Amino acid sequence: MLLILAVIVVLLVTFATIEQFVWFWMNILEFGELFIRPIYFEFLSGLILATIAFFRIDFKNRRSLFWWAIRLLLRFLRKEGIEAIPLSYIDFKTFKMTIGKFTAWQITKVIVGLIFFRNMTFGMTIYSIMQGWEIGIENIWKIFSLPFITPPMDLTYAKMNVIPLVPSLTLIITPILRAIEIRLIVLVILTQLLRIITPSIEELKGKSLQIFWRISIIEALIALGLLWMMIRLFFSSFIDYNTKILIVALAILSGLFAFFSYLDGIRKKFLFNITLRLILLRILTIFIIILMASSIIAIQNSIADARKVEWRGPYIAQQIAVNRYLAELDDIKEIPYDFGVKPIPLERIPAYIAMHKELLSKIRLWDWQAAFAKLKPEIGLIPYIDFQDSDILRFEDNIYWSASMKPILPITVRPEDRWYAQHLVYTHVPAGFLILDAHTGTIVETEKFFQQRRVYYGEGGLFSETWGAFPVNRKKSDELGGFFYNGEGGIDISPPLSWFFDSVFFWSYMNEKIHVLRYRDVYDRMKLLFPYFEYQFEGKNIDILPVTDGKNTYWLMPLIIRLNGDNIPWSNGNPLMRLVGYALIDIYHGKIQIIILGNDYFSELFKKAYSEYVTTEVPDWLKNQLRYPEELFEWKVNMYNFFHVTDPATFIVAKEFFEVPKGLDTYYVIAKPPGFEKFEYIGLLSLELRGAGGRNLAGYMVVRNDYENFGEMIFYKVDIESPTKLLGPTAVLEAMEKNPDFAKLKTLLREPRVGDIIFYRIGDHDVYFIPVYTAGTSGVVAELGTIVTVGAAFTGKYYVGLGNTVEESFKSFLTQLIGLEAPSPIEGIGKEQRLKNILKIFKDKGLLVVEPKAIYPTISFQEGEASYISEDQWNIVEGLVNSFIKTWGKDIDKILMWTENSKVNFGILINVKGIIELHYISISLEG
């Protein structure tokens with residue numbers, strides 16, 4: 001029975017080994033050098049680090065813990081008892097290998113150690129250094145002076161003395177320090193402890209226990225441990241005024257124990273000859289050193305508690321400087337927030353809304369929950385696909401929800417049919433995307449954006465669970481819809497390789513070549529070929545987007561590097577993170593293109609190591625589809641919440657730290673924040689003052705996605721002392737709930753649900769647009785019940801507007817502001833000059849203004865109206881005219897002008913299928 005069990009185990013192990021070898025060999029055939037290169041970097045790093053950790057250079061004694069223990073164990077098992085073991089086998093000090101065996105064992109340990117010391121980033125760094133890349137390792141010695149110099153109270157010291165060392169510390173020093181620690185533990189401490197524990201041959205024969213050399217070794221080990229602790233303090237993530245005290249104390253203690261070790265090592269006496277006085281003297285000396293160091297530290301801490309800024313300030317300043325570098329916070333622009341609470345006279349509200357009509361038409365009204373409710377029925381009763389992910393996309397300056405799908409195995413598939421169904425039938429998703437307009441909530445024909453929708457490489461479902469395949473010379477396809485895959489993904493395998501890949505191919509396709517699609521989950525694919533990057537944040541896959549060049553569709557995956565910062569002085573253990581670039585993964589062919597956007601040292605390293613596989617050129621078609629990764633943006637914001645404070649005194653009292661409001665995520669929207677010349681695709685995240693009782697915003701962070709300013713972050717900062725407050729989402733929701741009109745409407749809506757609360761700047765007004773959804777007959781949220789506009793600027797009163805459209809809601813809000821101010825007349829500018837100012841706009845656009853004697857249109861449309869009688873009205877008039885020209889002034893060279901009473905009208909005539917349409921705007925020049 002045991003023999004049969006052993007045979008089964010051997011066969012299972014053999015088959016498992018063969019299967020792994022087959023996959024390894026197929027990876028080489030399919031991916032070539034892209035698959036081999038990370039393995040080479042692992043081998044190179046493992047070779048160096050394992051040598052540091054495990055290779056003994058003591059060719060004189062040639063000891064080995066492992067083989068000493070093996071010899072002892074084998075002898076014990078053979079001789080049936082410890083009494084039969086020769087005394088020389090027990091004494092570790094007498095164990096000595098031959099030079100050949102000792103050398104072979106050291107090489108074997110290094111080879112085995114390759115498994116435990118795989119550090120691809122370290123290997124890539126060594127490879128690139130051998131290729132001529134410079135990392136600045138020659139400056140690393142500066143780190144040993146940092147604890148002994150009190151830095152100034154500004155950020156320049158760390159910028160000059162620490163930040164230049166970061167590449168060496170993150171790429172080279174950290175893995176080497178860990179390898180040295182393993183060496184000290186395994187080759188030094190364990191070896192010497194074993195020498196101490198095992199008795200010598202003389203002692204086994206009855207000779208008295210020799211103690212001095214054992215004490216000497218223990219003291220030497222303590223000295224070595226203290227010395228290593230001292231060295232590690234130079235690479236600590238935080239250095240302050242006490243660090244140098246600890247270093248000096250550890251150095252003295254290490255030297256003292258080394259001296260004790262030397263003295264005890266040369267003694268030839270026994271334990272009972274050691275005097276109590278000598279022992280007490282040593283203990284007293286050690287105690288005095290520890291007491292002195294502890295007293296100095298305690299005194300310094302007491303002084304620092306009373307004079308925090310003076311004592312802690314210089315080190316806090318360096319902490320701020322280093323962490324700002326780690327998160328690139330110095331690149332964030334800070335702009336004082338300029339509140340917009342300007343009222344608009346009632347007669348000018350239509351013109352004001354017309355002027356901002358284009359931006360109002362891009363407000364994001366549909367959140368994913370509501371979008372999902374609309375898109376879910378599009379799948380219908382199809383049992384083999386399901387939703388996998390949702391993304392906000394930008395096409396032609398509009399935003400859309402995209403729902404990507406994954407193949408799943410229908411629950412109705414019988415167990416005996418599972419292999420056939422999951423490998424040969426459900427190989428792909430025939431139509432992998434659904435699109436919904438995030439403003440209107442209408443489902444858009446996916447073909448309008450994605451010509452290629454057949455997904456063979458995606459995420460989740462059968463993509464991640466298994467592989468797909470089909471016979472190469474098939475006449476009929478078993479794939480969904482009878483589709484014949486003709487892409488470049490996958491690999492052809494012939495017998496007998498196909499038999500070892502899966503035994504079913506031996507029984508069912510014995511003589512046929514099989515085309516196999518593996519690593520169809522794009523995360524698995526990227527981890528295999530480019531394992532250096534972060535593909536998960538907080539347990540969730542990093543977000544990827546579908547993008548298109550007009551013909552082919554790709555997954556756009558951000559490449560984010562995370563480097564350990566534990567050994568960077570003043571980093572507080574925070575990592576360094578950078579956006580290196582993006583990977584474009586073809587959904588049909590599985591091909592990967594790497595685009596490098598970063599200008600940091602790791603991006604340069606990666607370009608050096610993968611020079612033939614990467615590009616720095618972003619295709620023109622991709623520039624308007626880029627989106628800064630939400631995960632990295634939010635991490636940077638989290639770092640900014642603390643390290644935006646650059647004054648050490650303010651940082652110490654922690655009164656200006658920020659936090660993201662609970663439950664709030666990054667919103668990607670089309671907007672026009674203050675200072676922007678045009679609306680852009682941005683990411684927006686609001687921030688509150690940490691620990692503040694109120695629910696007002698301290699400001700909000702914006703990240704730009706347009707290629708020209710890609711990744712630029714701007715923080716609009718609200719003055720803490722400002723009398724006008726910027727309401728946060730919680731306060732806005734409360735204002736909406738208290739509004740009597742909304743309370744009345746809420747009772748009429750069927751199971752209403754409040755959507756995303758998103759902040760916008762419309763012209764000179766800061767507002768939140770809040771969609772409120774209502775359930776359809778099936779109880780699923782499917783319709784917009786109303787749109788609420790809440791003023792974000794708070795001066796003691798809430799302003800809330802409701803409407804069925806964004807324009808109506810915004811108009812309702814504007815009417816709330818009427819009466820706050822009265823317009824002041826324009827002094828020194830007469831009516832004639834005001835008209836000239838308007839005409840100059842048309843002239844600058846190359847349009848000729850003519851005054852016809854009569855106009856006879858079939859139908860007329862007034863596109864906007866404004867007044868130009870007060871000083872603050874020019875911007876509105878200018879915006880109205882420019883908006884009119886942009887909308888209706890294409891392909892024309894003249895503008896019609898006529899006067900009615902005190903109003904001047906400007907219009908154009910358009911022939912639409914024989915109907916003459918007049919489109920015009922009116923501007924009043926008199927009150």
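## Basis

Local features of the predicted model need pLDDT of at least 70, side-chain atom pairs count only at pLDDT 80 or more, and totals for chains, interfaces and linings use all residues. Residues are numbered from 1 along each chain as its sequence is written, and side-chain values use heavy atoms, with hydrogens and water left out.

## Strand β2

Strand β2 (residues 385-395) has 9 of its 11 residues buried, so the rest of the structure largely encloses it. Buried means under 20% relative accessible area, exposed over 50%, and partly exposed in between (1.4 Å probe, protein chains only). Strands (E, at least two residues) and helices (H or I, at least four) are DSSP runs, numbered from the N terminus.

β2 runs antiparallel to β3 (residues 398-407), joined by 10 bridges; strands pair if DSSP finds at least two bridges between them. S390 stands opposite A403 in β3. The hairpin of β2 and β3 has 2 residues between the strands, and E396 in the turn has a positive phi of about 50°.

## Aromatic pairs

The whole structure holds 76 aromatic pairs. Rings of Phe, Tyr and Trp (its six-membered ring) pair if their centres lie within 6.5 Å; planes under 30 degrees apart are stacked, over 60 edge-to-face, the rest tilted. Y628 and F710 have ring centres 5.8 Å apart and planes at 55°, so this pair is tilted. Y628 and F710 are 82 residues apart. Y628 is buried, at 4% relative accessibility.

F642 and F657 form an edge-to-face pair, 5.1 Å centre to centre with 65° between the planes. F642 is partly exposed at 25%, whereas F657 is buried at 9%.
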